Amino acid sequence: MTRILVTGATGAVGVHVVRELQARGATVRAFVRNPEAAAARLGDAELAAGDFDDPGSLRRALDGVDRVYLCAADGPRKVAHETAVIGAAAERGVERLVKLSAMHADPASALPAYRWHGEIEAGLRRSGLPAVILRPAFFMTNLLMVAEGVAHTGTLYAPTAGRPVAMIDIRDVAAAAAVTLLEDGHAGRTYDLTGPAPITFAQVAAALEVATGAPVRYADLTEEQARPRFEGAGLPDWLAAHLAGVFGVIRAGGFDRATDDVREITGRPARDITSFARDFAAAFTPATALTT
Ligand SMILES: NC(=O)c1ccc[n+]([C@@H]2O[C@H](COP(=O)([O-])OP(=O)(O)OC[C@H]3O[C@@H](n4cnc5c(N)ncnc54)[C@H](OP(=O)(O)O)[C@@H]3O)[C@@H](O)[C@H]2O)c1
């Protein structure tokens, strides 16, 4: 019986990875910091309590494990955390590790999270572990950060210069992770995961308008207009810098290409913005419309 350790199991993508694996009949062990809180979200998955900063807990969690899904939170400890999992997995001799990375991962990147992913990918290659690297584009769920603003003002503001983004639904990222963990033929591959087509934020606004039944327009911001929004949002400095940098990549056309990798891996087309907008419509809907 193949047992899969899912790290970051309570994370936005991790929760779906656990579900996708269970739906395919896999035996899942979830590495979690707080088992009580995790149990409510992860159903009947086996839980291994631990912390990336506690090497003993990682070794215990990996006991009897054959394959690993790797995802730690973004932040200054990310490289140390994921490197600790890679080291423990290599020591254990796991047969496959699937790493959630990011498009534009590069150890020389000026964007913190892309740099961290690049450093971790390099370490993973050095480890010699049979690995699959998933590099998703911009997540559709990033739009939830501005959902309240859209609901209040009917306006989606962003500094995209009208450039399209092949944004992806995290449920497709999770499905790709589950398939590459379970099925053979993926080791050594790096996949660029995107939605079905590059779309502009004006098209996102149109999809939200249809889904919510309330008017939504797109207003483009210049880089200068957007900067105080990132800097004043109460985010850690690295995250404000990273988000501002991501929109710079968008304006340079860095996400304007869709790939067929989701379909190639899962056998199904990637979800589009219409389906995301329908499923998350409540978050973008004015409270008055919800109560009437
Ligand atoms: N947003 C985008 O557009 C985008 C695009 C491409 C790639 N990505 C990448 O996607 C990844 C984020 O995935 P996600 O959203 O699923 O992550 P997430 O929601 O941030 O979840 C992070 C997970 O790590 C766990 N964790 C944090 N510190 C830990 C510790 N010390 N020990 C053990 N577990 C710990 C958290 O557990 P708790 O529940 O205990 O906190 C949580 O399960 C990032 O690497 C990001 O760069 C994002």
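Buried here means under 20% relative accessible area, exposed means over 50%, and partly exposed is anything in between (1.4 Å probe, protein chains only). On that scale, arginine 77 lands in the partly exposed class because its relative accessibility is 45%. The model is a predicted one, so local features need pLDDT of at least 70 and side-chain atom pairs count only at pLDDT 80 or more, while totals for chains, interfaces and linings use all residues. Residues are numbered from 1 along each chain as its sequence is written, and side-chain values use heavy atoms, with hydrogens and water left out.

Now for the salt bridges, each taken as a side-chain nitrogen of Lys or Arg within 4 Å of a carboxyl oxygen of Asp or Glu. The structure has 22 of these salt bridges. One of them pairs arginine 171 with aspartate 169, with the closest N and O atoms 2.7 Å apart; both residues are buried.

Arginine 251 bridges to glutamate 223, and here the closest N and O atoms sit 3.6 Å apart. This pair ties together distant parts of the chain, 28 residues apart: arginine 251 belongs to helix H10 (residues 237–251) and glutamate 223 to helix H9 (residues 223–231). Helices (H or I) are DSSP runs of at least four residues, strands (E) of at least two, numbered from the N terminus. Arginine 251 is partly exposed at 22% relative accessibility, and glutamate 223 is partly exposed at 42%.

Arginine 278 and aspartate 279 form another salt bridge, with closest N and O atoms 3.9 Å apart. Arginine 278 counts as exposed because its relative accessible area is 56%, whereas aspartate 279, at 41%, is partly exposed.
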